[in-house]
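Please view the sequence and the structure below, then read on.

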Amino acid sequence: MAKYYLPRGMSYSTLEERKQFYTAEFSLPKVHEWLEQVRGKAKFAVVIGRHTKIYPEKYREDAGTTIIIDEYRGLDEVRDYMTEFLPEASYYDRNVYDENDCKKGQELAFDLDPENITCPIHGTLTDKMQRHQGLSFCRLELDMVKEQAASLYEYLEAQFSSMKIVYSGRGFHIHVFDSEAYAFSPKKRRQIARKVKEKGFQIDEWVTAGDMRLIRLPYSLHGLVSRVVVPLEKGELGGFDPVHDKRCLPKFLGSARVIS
Ligand SMILES: [Zn+2]
C-alpha cells in the first residue's frame, strides 16, 4: 500500500524486484563510466527502507539508516552489497578524497525535486508537508520540474562548461564537472545556491551548499517510483517522459504496470 501519491504508472518496488534489478540489470560499466568523469574511488551509500518501509526482515533495525559503503575492492563487491541490502535508494558521495581519506573537493550539484514546485492542485511544499505528503508528487509537478531543470541548465551554461542532467527518479539533478567548481569553498557554494534561488529556481540548497554530500547514484534503482536513475543530454530533456521512457523502465515492470 503506497503511502505517497505518485504519478499514474509509478509505484514502490518490491524486494523481489529490487533483487532482480541489482542482480541482472544494474550496469557496473555504466556506473564506472559515470564515476570516472568524477574521481577515482568513490564512496557509496544506501538506504534500505526508510520511506517505503519495505526491507529484508534481518535489516529491520537498520532500515531507516544511511549505510556508507567505503570498504570494497571493486564495483562487483558494491553490487554484492546492493543484492544483500536490497535498498530503496542508492547514492554516492560527492566529496573527493585524497589517498589519506582527507576531503580535497566536492562535485557541485543542483537538486530539483517536484515537491518544491507549487502545484495548482496540491499546493506548496508546506501544504504537502502538513498532509504528510512531502515526498508525493503528481504528473503536473513532474512536468514543471523538468522545465525548471532545462532553464537552470541554460542559466548555468554561462558559468560552467561541463555539466550533466540526471533524472533522479522523482526530479532532476544537474552535476557540474568543471575542475574549478570542485575547489569552491563552502561560502562560494552557499552564494551560488542563494543566487539560483533568487532567480526563482526551487532547488534544494543543502545539496548545492554541500551540507548534503550524498547524491543519487546514476543507473541505480529508485525504489519509491520503480525507475532507473539515468543521465540525459540537455537536448533529450524536452521529450523525456519518465513514466514511459524505456531508458528508465526497469525490466521487472514489463508493460503491465505502466499505464498511460
Ligand atoms: Zn500536484
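Which two side chains meet in a salt bridge at 2.5 Å, N to O? They are those of D93 and R213, where a salt bridge is a side-chain nitrogen of Lys or Arg within 4 Å of a carboxyl oxygen of Asp or Glu. The model is predicted, so local features need pLDDT of at least 70 and side-chain atom pairs count only at pLDDT 80 or more, while totals for chains, interfaces and linings use all residues. Residues are numbered from 1 along each chain as its sequence is written, and side-chain values use heavy atoms, with hydrogens and water left out.

**Salt bridges**

- The count comes to 14 salt bridges.
- D93 lies in strand 3 and R213 in the loop between helix 8 and strand 9, 120 residues apart; helices (H or I, at least four residues) and strands (E, at least two) are DSSP runs, numbered from the N terminus.
- D93 is buried, with a relative accessible area of 1%, whereas R213 is partly exposed at 31%; buried means under 20% relative accessible area, exposed over 50%, and partly exposed in between (1.4 Å probe, protein chains only).
- K43 forms a salt bridge with D101, their closest N and O atoms being 3.2 Å apart.
- K43 lies in the loop between helix 2 (28-36) and strand 1 (44-47) and D101 in the loop between strand 4 and strand 5 (103-106), so this pair ties together parts that are 58 residues apart in sequence.

**The arginine R94**

- R94 occupies the loop between strand 3 (89-93) and strand 4 (95-97).
- R94 is buried yet has no salt bridge, and the nearest side chain of opposite charge, E107, is 6.0 Å away; Lys and Arg count as positive and Asp and Glu as negative, with His and the chain ends not counted.
- The side chain of R94 reaches the backbone oxygen of E107 at 2.7 Å, and a polar atom of that side chain lies 2.6 Å from the backbone oxygen of M212.

**Cysteines**

- The whole structure holds 0 disulfides, a disulfide being a pair of cysteine sulfur atoms within 2.5 Å.
- For C248, the nearest cysteine sulfur is that of C138, 17 Å away.
- C248 counts as buried because its relative accessibility is 0%.

**Helix 5**

- M144 is placed in helix 5 (residues 139-156).
- The C-alpha atoms of M144 and C119, 25 residues apart along the chain, are separated by 8.8 Å.

Conventions. Polar contact = N/O pair within 3.5 Å; in protein donor to acceptor, adjacent residues only side chain to side chain.
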